[in-house]
Structures are given as structure tokens and as C-alpha cells.
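Open the model in your viewer and keep the selection tool at hand. The tour moves from stop to stop.

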Amino acid sequence: MTGQEQLLMQNYQAPRRPLSMNPRKFILWLFIVSISMLFAALTSAYMVRKSEGNWLNVEMPTLFWISSAIILISSLTMHLAVRSAGKDDFSKLKTWISLTLVLGLGFLITQYMGWSELVTSNVYFVGNPAGSFVYVFSGLHGLHIVSGIVFLAIIFYLVLAQKVHSKNMNSVQMCATFWHFLDGLWLYLFTFLLLNH
Amino acid sequence: MEANTEQAVAHAHDVHHDHEHHEGNFITTYVFSQDHKMIARQFLITGLLWALIGGGLSIVFRLQLGFPEMDMSFLEPFFGKWIVDGKMDPEFYLAAVTMHGTIMVFFLLTAGLSGTFSNLLIPLQIGARDMASPFLNMLSYWAFFLSSVFMFISLFLETGPASGGWVIYPPLSALPQAMSGSGLGMTLWLIAMALFIASVLLGGINYISTVINMRTRGMSFGRMPLTIWAFFITAIIALLSFPVLFAAALLLIFDRSFGTSFFLSDIYIGGEALQHVGGSPLLFQHLFWFLGHPEVYIIILPALGLASEVIATNSRKPIFGYKAMIGSMLAIALLSFIVWAHHMFVTGMNPFLGSVFMLLTLIIAIPSAVKAFNYITTLWKGNIVFTPGMLFAIGLVSLFISGGVTGIILGNSALDIQLHDTYYVVAHFHLVMGASAFFGMMAGVYHWFPKLFGRMLDERLGYIHFWMTFIGVYLVFFPMHYLGISGFPRRYYSFTNFDAFQGYVELNEFISLAAIMAFIGQLIFGFNFFYSMFRGRLAPKNPWRSNTIEWTTERFPGHGNWKGEIPAVYRWPYDYSKPGAAEDFIPQTTPLSETPESNLPEEQEQVDREKGAPADGEAINL
Ligand code: HEM
Ligand SMILES: [Cu+2]
């Protein structure tokens, strides 16, 4: 056997790497699973509690409709941001990211005003669990939005530092995944409350 | 060709550089380490310290149960005013029971067991340099550490630690007026558990991501050791169930600190109504047991995984039913999410619902029995090597069966009316979960001590430890079945004032003495552990003649685990005593093409692939 043949054989003996994905993206997905379980638990608790009677009919604040619209639009701007990053169009990328960030803040403010609306209609955090649940759902979701906004700010910084471009899309893609998830999560919670209040 | 070798050299150099780079100072090596092996040691040692506290507490309340007339003033230096005139304060008894349960279930058997061995073995047995995210892994340990600090502080509060049982049912846990432990003690319990949940999730996310994405060449799912399968499935269960405990804890925090009424309703204290209206204490039980039942499998599956490895290696036989083992773990994982209400049969739930949960509960016995059967058939006619680790693994099988049988009885909703909240339940879960998972953990410690610390544990002390524990555990928990059947309730401070239980004084005394013996056995282990860590016999490279790839590393592997390239894997880990083979084991790193004498006809295809050109570029595995 010549040296070359020997080397070839060694190479062929080495089995291939098993399937693998980007571990960071994968970790993000697993985080999303655990957040989903948290809200699944809370909404199931809501159903179990509601089935026991002694329940208060809480009208959803109209502002929640507006905030839902805002967060839907912010998903669109997030999507456009990823597209501009893919095309290396940095000025547009900056615009879309900052717009998403502003819309995220707008969402938080609208949610907060929605709480005031609840208070004026005499639904308080303390009282019948029907009302408390609404505050818990929106408050806990709001906390996750805060983390999403921090994520967006980091991406904005990375864009300024020229670390996001068509060859390096991971971070902005992960941010988009998380943001779309938060959007979907709110729509789920809102629809759930509309159907089961 | 020239270029090829050069590249290889450059690569090897690169790798070498890679782990050199991580060797830092004392702080980064021993404290804020990102090396999975160091994190494993941190989890293990923290867990064992907790075990000492948790075990010590159990001895204290066993003294109360076994010797109610005893003068306990000698305990005053430790417990201060919890001992009043030589008698134990009843609220302290409840606190001790609660902390014992919390510590053992979460801090020892979840963090100490799964945290230690998932961290140690996942990268080492799948052939990875570290976890997918070493940083999150470090955070996971430090979240656990912080959680430990809070729980530890709560032990020293004036009003005592949480006292409402490890299941913290409201209203007892929700109202500070209910008992003194429900004040600051309960608050600290909740903070500690929130941190603990963060730790478990960070760890679990890492384990899953590592197992899926970081396996070495050739390490297909079908060639993973059962330990890794067990840790992997456990992490998935944890990821799905711990957020639910977090939800329950969060709502309880709101009830306690903000005045909401999720779990509280229509409560009168001293004739006066509290402002809480419209809550449901049963809601808490549903949320708690939705975690609580999967949690018991989070505890036992890693132990079973460790036992699989130890038993196959020391029986010198392939594990019986490799695929059945994986299948039953998956079945257990799935079923564990739909049986939680068997803890709530007597809460006044709809009897029809009770029958549904009864059916599902009894079905779980099938995959559990498959596993027990497979361990026994693996041992059957093996050339068994009775190392201390092996003894503990066999002990696990015995305890798992003894405790599982009573599970089938408890799972009948009608029988549970008599047995619920008696010592029968205590006997059941201590055998099937407590003792058996502890034995699995000990099997792991004795077996992997050489990889953890590069040294061997003393065998003679190991045997003494095993027999004292094994006999002790049976002497403690077996008699509890009789207590339970006769209606003896759990969590009672004193039973001597009930006529019906006067006859059980001697039995309780006996149990307490057995418990003390078993506890002394653990001190022997503690000595062996810390002594051997520094002074033990240096370990040979592969002390148990095992197939898995962690034994191809150095005695003291550096950060990065392997010098040079990570070995590739060519076969499953259970080629023990393969007919025709020269030795009674063939490591996973040995290609089939090098063992023509022992290959099976169906393996010829892979041999050809190893030798020949990759015909259509297909992967050998998956
Ligand atoms: C053969 C399968 C099993 C069945 C049918 C079964 C059934 C049950 C039932 C019905 C109860 C509730 C008893 C009561 O409170 O009245 C129970 C309690 C318990 N089981 Fe099992 N079990 C099984 C296996 C296991 C395993 C494998 C573990 C742990 C690894 C375990 C851990 C526990 C624990 C910790 C409790 C008591 C929790 C508490 O109230 O503090 N069981 N079991
Ligand atoms: Cu259960």
C-alpha cells in the first residue's frame, strides 16, 4: 500500500459528523419552549379556575386592540430589518430596527394605558382572580417584551459596530425569531382572553 | 498529500492552543469555571453537603418519632430555642420534615445527581470539548449556588424555615398567620426555588442542545450510551415541567405579597373573614403536581441511566434490550405528564376523572417494569464484577422494584382512600425514588470517581458503605408499610396520644435506630470521598475496562477533554464479551474493520463502508 493509499483509507474510515444545527439558535428555540410552557400553565390554570364558577366577566380594554395592532406592525418592521440585513442595506436596516424598537416601547405604553382602562372599569389586580389573571398575563408578557427590547438595542449596537451583514445574520435572525414569538404569544393571550372571559 | 499532513499538524496545534488558552488562575479554574468537569464537581460537592444537612434533619425528627420521651437538651447548641425544656418544638418538627423533603428532592437528587452527571458525562461520552454554551452552564451552577444560599439562610431564621411540607400547599403556605414558617421562611423558600428553576432550565437547555448538536463523528443516536439517553430525556421533561412550577410559585407569591386570591377563598381567622375571595387551593395542587410527578422521573431517570452503564460494564454483557430501554424511557416521559392527579385522589375530585387517572397511572408500571426486567436479564449469566459501584447499581434495581410494587397499589383510587397521607406513601416513595435514586447516584460516584478526580475510592470502605446503606434502607422503610396500612398518618409530630397507635412505639424505635445506622454509613462514605479525592490510589486510564469514550481521555483531562483530535466512534457502547473477540470488551473507538474475528454478518456492510470509497457520499450513521 502506498502512503497515499494509506492516508486515503484513514480518511474513509473516519465516520461523518452526525446532524447538527447552530447551537445558539437551537438554545433560543429551547428558551422559547420553556416560555411557552409557562404561559400554557397559566392559561390552563385560568381555565381550571374558571370552570369552578364564582367568576367575574372582565371586558377587555379597547386599548388592547390597539396594542395588538402595534405589535403586529412591529413584526413586519422586524421582518423588513432582516431583509435589509440580507441585502447589506445598512441605512434601511438601522431604520427598521429602530422603528421596531420604538413600536415595542409603544406597545408597552399602550398596555400600561390598557391597565388604567381596566382600573377605571373597576377591575383590579387584587380581587376576583378573573381580573388578576388579565394583569398577570399582560404583565408577564410585558416583562418578556422588555427583554425583547433589550435584545433589539443590542442588535442596533451590533449594526452600528458593523457586525451585522449578509454574511453574519445569526444575531439579527435570532432577534427576529424571538420578536415574532413574543408577537404571536400576545396574540394568543389576547385571543384566549377574548374567547374565555 | 504533503499539504494534507501539514494541515493536520496545524489543526492539532490549533486544538492544543485552544485548551491551553482556557487554563486560567484560581478563580477561573475552581470558582467561576466554564469547564463542564469542574461544574460537575461543584454540583456534586454542593449536593453532598446538602445531603448531610438533609440527612441530619431526618435523624433529628426520627429521634422525636422513635423516642418521644427522650431528653433532647443535648441538641440545644444546634437548634437553640427550637428545643424547649428538652422537648422538640412541634413547629420545628414540621420545619425539619419540610426542609428534609425540599433538600433531598431538589437540591440533592435533582441538582446533585442530574447536575453532576449530566455535566460530567454528556460532553465526555458523546465526544465534545464542552457544552454547547459553557457560559450558560456556569450560570446554571451559580443560580443553584445562590438558591442554596437563600435556602440555607432560611434555616437560621428566628421564625424558622418553610414548614408546610415540600409540596407547600396553600392556604398553609400562603398565609403568614397560618404557622410561623409561613412568614419570611416561606418567602425565602420561594425565592430559592425561583432561582433553582432558573438553574435547572439553563442546565437542561444546554444538555439538550449539546446532545443534539455536539456529538463526535460516528456518534449517532443509535450509538449513544443509555446514560446520555437518560440525561437527554430528563432534560426534556425538566424543560416542559419546571416552568409550570414557576407559574405556581409566581401566583403564590402574588397571593402572599400582593393580596391576590388565586389560591385563597373564604378564610376566617379568629372569627374574622380575610379579604381573599374566589380563589381555589386545588388549583395549586394541579399546578404543583403537573411538575411534581414529572419531577419524580427527573430524579429517577438519570439514576437508571447511570445504572444501565454500570450494570452492563460490570456484567461484562451487552445491555439487554437497548432499544426497549430507550423506548420505555420515552414512554415514561410521555406518561409522566398525564398522571399527576393520582396525588389528588382524595381531594374530592370527580370519581370518573379519578378512574381515568388511575388507568393512566397503572399504565406507567409497564415501561417501568420493562426497565427492571432488562436490568435483571442483563445480569443473568453475566461474569459479574462486584465493584462497589456495581453493588449500588444492583441495589437500585432491588429498591426500584420493591417501591414500584406499592405504586401499583397506591395507583388504585379506591385503595388510596385508606393509604393516602399515611406512612405507606412514605415507604413507597422513599424506596422507589429516594433510596433508589440515591443508590444510582452512589453507583455513579464510585464508577466515575476516577474520571472526576483521577483517583480511586477505597473499595473496602465502599463495601462497608454499601451494606450499611442497603440493609439500613430496607430496615427503615419496609416496616413503614405496616404502619401505613394500619392508618398511621405522615407528618404527625407525636402519635403517643392516640390510643390506636400505642402499639407502634417499638416499631418506631426500631426504624429510628436503623436510620441512625444508615446515616453513620454515609459518614464513612463522606470520609472516603474527601480522603480519596486527595490521597486515593491514582486511577488507571480505564479502570473498569469499559467501552465508552470518556475512558480514552487522560487521567486528569484538561479543558477541552482530548489532546489533539476527538476520537471518532464506530460502534455502540455495549460490545462486551462479543463472541470471537480477543478481549471481553471492544471500545467504541475500535473500527469494525479491525475486528474481523468478532464481526456479525450484518455488520459486513459497515466494514465495507469503512474500507471502501464512500460510494454515494452517504453518512455511515443516521
Ligand atoms: C409503578 C409506578 C408507580 C405508580 C403506579 C405510583 C403511584 C403513586 C401514587 C398513586 C401516589 C400517591 C399516593 C398518595 O399520596 O396517596 C404516589 C406517590 C409518590 N410517588 Fe409513586 N408511583 C409509581 C412510581 C414512582 C416512581 C418511579 C417514583 C419516583 C421516582 C415515585 C415517586 C412518588 C412520590 C415522591 C410520591 C409522594 C409524593 C408526596 O406525597 O410527597 N413513584 N405514587
Ligand atoms: Cu406521581
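Against which helices do the buried residues of H10(B) pack? They pack against helix H8 (226-257), H9 and H11 of chain B.

Before selecting, note the ground rules. This is a predicted model, in which local features need pLDDT of at least 70 and side-chain atom pairs pLDDT 80 or more, while totals for chains, interfaces and linings use all residues. Residues are numbered from 1 along each chain as its sequence is written, chains are lettered from A and ligands numbered from 1 in the order in which they are written, and side-chain values use heavy atoms, with hydrogens and water left out.

**Stop 1: H10(B)**

Select residues 322-335 of chain B. Helices here are DSSP runs (H or I, at least four residues; strands are E, at least two), numbered from the N terminus. H10(B) has 14 residues and reaches 20 Å from its first C-alpha to its last. That is close to the 20 Å expected at 1.5 Å a residue; the expected span is 1.5 Å times one less than the number of residues. Its buried residues include Tyr322(B), Met325(B), Ile326(B) and Leu335(B). Buried means under 20% relative accessible area, exposed over 50%, partly exposed in between (1.4 Å probe, protein chains only).

**Stop 2: the copper ion**

Now select ligand 2, the copper ion. Its protein donors are His293(B) (ND1), His342(B) (NE2) and His343(B) (NE2), at 1.9 to 2.1 Å. Donors are N, O and S atoms within 2.8 Å of the metal (3.2 Å for Na, K and Ca); water is not among the atoms, so sites may look incomplete. Along the chain the donors follow the spacing H-x48-H-H. His293(B) lies in helix H9 of chain B and His342(B) in the loop between H10 and H11 of chain B, so this pair ties together parts that are 49 residues apart in sequence. Both His293(B) and His342(B) are buried.

**Stop 3: ligand 1**

Step across to the iron atom of ligand 1, 4.6 Å from the copper ion. Which residue is its only protein donor? It is His428(B), through NE2 at 2.1 Å. His428(B) sits in helix H14 (residues 423-453) of chain B.

Show the 23 residues around ligand 1; Trp166(B), Asp416(B), His420(B), His428(B) and Arg490(B) come nearest. A residue is near if one of its heavy atoms lies within 4 Å. The shell divides into 13 nonpolar, 8 polar and 2 charged residues.

Now check the polar contacts, pairs of N or O atoms within 3.5 Å (within protein, one must be able to donate a hydrogen and the other to accept it, and residues adjacent in sequence count only if both atoms are side-chain atoms). A polar side-chain atom of His420(B) lies 2.6 Å from an oxygen atom of ligand 1. For the side chain of Trp166(B), the distance to an oxygen atom of ligand 1 is 3.0 Å. Helices H9 (281-315), H11 (351-379), H12 (388-410) and H14 of chain B each give two or more residues to the shell.

**Stop 4: two further histidines**

Select His430(B), also placed in helix H14 of chain B. Is His430(B) buried or exposed? At 18% relative accessibility, His430(B) counts as buried. Beyond four places in sequence, His430(B) is in contact (heavy atoms within 4.5 Å) with His100(B), Ala435(B), Ser436(B) and Phe477(B).

Finish at His465(B), in helix H15 (residues 459-485) of chain B. His465(B) is buried, with a relative accessible area of 0%. Among the residues it touches are Phe392(B), Met442(B) and Tyr446(B).

Terms used: Ala, Val, Leu, Ile, Met, Phe, Trp, Tyr, Cys and Pro count as nonpolar, Asp, Glu, Lys and Arg as charged, and the others, Gly among them, as polar.
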